[in-house]
Amino acid sequence: MPESRAIVIFTDLDGTLLDHDTYSWEDARPALDRVNLLSIPLIAVSSKTLAELEHINQNAELFDGLIAENGGIVSLKSAMEQHGPSSETIDMVREQIRSAIHVPLRSFRTVEPEIIAAETGLSLDDAIRAGQRHCSDPLIWQPSAQDVRIARTIAEQKGLNLVKGGRFHTICGPSNKGHAMKRMLERLAVFYRDMSGKPVKRFTTIALGDSPNDIPMLAEADFAVQIPTKNRGRKAPLLEHSNLRLAPYPGPAGWNVALNEILDEITNTNKNSEVLHG
Ligand SMILES: [Mg+2]
């Protein structure tokens, strides 16, 4: 039999494990069941807040560990570490930006959840969870180009970044999904044993993602899977990686096929989770 390996899977959520439009992971169910049967730790890696990830996991129990706020928060077995900037630093920088720019400035950390709901279209309960941010803060403002330049300069002077996501400029730290992945592996090594009961020295890592903010995580992984973007059908590789594969479909359907292929190659099981002898 091939030697047993301690495998860990790191996955982005939106557009990767979760369908871009419906947020369903149902098309990934066969591979998820296989991962569960093989007792392979599955780690969620997202720009969502820890409260949002815990809510998803409370219902589904999909994940063994959670990496939130784009790598700023690492949570394993209910113990949370903040690797991003302190909340005080985020607030201080936001207040400096507020007094330097020429338009009103509010943010997810400062407004009532009703305003987050109105800005995002989230339900009130989801907006409450989206507002529970520790080390990043999406801004609610209508800036001029000059306001953005001023804000970016202030953030960078304090060692932070101002990143434009889909809709919002977000004040955040230099932490990323790749740093957080390394830290999660250190913490997993405390808990996990190989088949012979020895502590795991090195994990074989698989990472799946669809966006530029997934690149640091994909770069760290032994096996990297790029999930194509649903509406744009991105085909160009996100990064150079000796072991990058492009999933055949967007979202959870592509997640399912690509992960099953890798597990076929590196475990002694097939996609029906039957152990192959020989
Ligand atoms: Mg994504």
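Let's start with a network of salt bridges: Asp91, Arg94, Glu95, Arg98, Arg109 and Asp137 are linked in it. By salt bridge I mean a side-chain nitrogen of Lys or Arg within 4 Å of a carboxyl oxygen of Asp or Glu. Please keep in mind that this is a predicted model, where local features need pLDDT of at least 70, side-chain atom pairs count only at pLDDT 80 or more, and totals for chains, interfaces and linings use all residues. Residues are numbered from 1 along each chain as its sequence is written, and side-chain values use heavy atoms, with hydrogens and water left out.

Asp91 and Arg109 meet through their side chains at 2.7 Å, N to O. Asp91 sits in helix α3 (residues 87-100) and Arg109 in the loop between β6 (106-107) and α4 (113-120), so this pair ties together parts 18 residues apart in sequence. Helices here are DSSP runs of H or I with at least four residues, strands are runs of E with at least two, and both are numbered from the N terminus.

Asp137 and Arg94 form another salt bridge, at 2.8 Å, N to O. With Asp137 in strand β7 (residues 136-140) and Arg94 in helix α3, the pair ties together parts that are 43 residues apart in sequence.

Are these residues buried or partly exposed? Asp137 is buried, with a relative accessible area of 0%, and Arg94 is buried at 4%. Asp91, at 22%, is partly exposed, and so is Arg109, at 27%. For the cut-offs, buried is under 20% relative accessible area, exposed is over 50%, and partly exposed is in between, using a 1.4 Å probe and protein chains only.

By the salt-bridge rule, the count comes to 22. One of them joins Asp33 and Arg29 at 3.5 Å, N to O; both lie in helix α1, 4 residues apart, about one turn of the helix.

Now to the metal. Which residues coordinate the magnesium ion? They are Asp12 (OD), Asp14 (O) and Asp210 (OD), at 2.2 Å. Asp12 comes from the loop between β1 (7-11) and α1 (29-37), while Asp210 comes from the loop between β10 (204-209) and α8 (215-220), 198 residues apart. Both Asp12 and Asp210 are buried. A donor is an N, O or S atom within 2.8 Å of the metal (3.2 Å for Na, K and Ca); water is not among the atoms, so sites may look incomplete.

On to the domains. The protein is divided into domain 1 (7-82 + 176-266) and domain 2 (87-172), with bounds from an automatic or database domain assignment. Their centres, taken over C-alpha atoms, are 27 Å apart. In the interface, 10 residues of domain 1 are in contact (heavy atoms within 4.5 Å) with 8 residues of domain 2. The two domains bury about 830 Å² between them, 53% of it given by carbon and sulfur atoms. Thr49, Glu69 and Gln82 supply 48% of the area that domain 1 buries against domain 2, more than any other three residues. Buried area is the accessible area (1.4 Å probe) that two parts lose on being put together, summed over both.

Last, the cysteines. How many disulfides does a search of the whole structure find? It finds 0, taking a disulfide as a pair of cysteine sulfur atoms within 2.5 Å. The sulfur of Cys135 has its closest cysteine sulfur in Cys172, at 8.7 Å, which is too far for a bond. Cys135 is buried at 2% relative accessibility, and Cys172 is buried at 14%.
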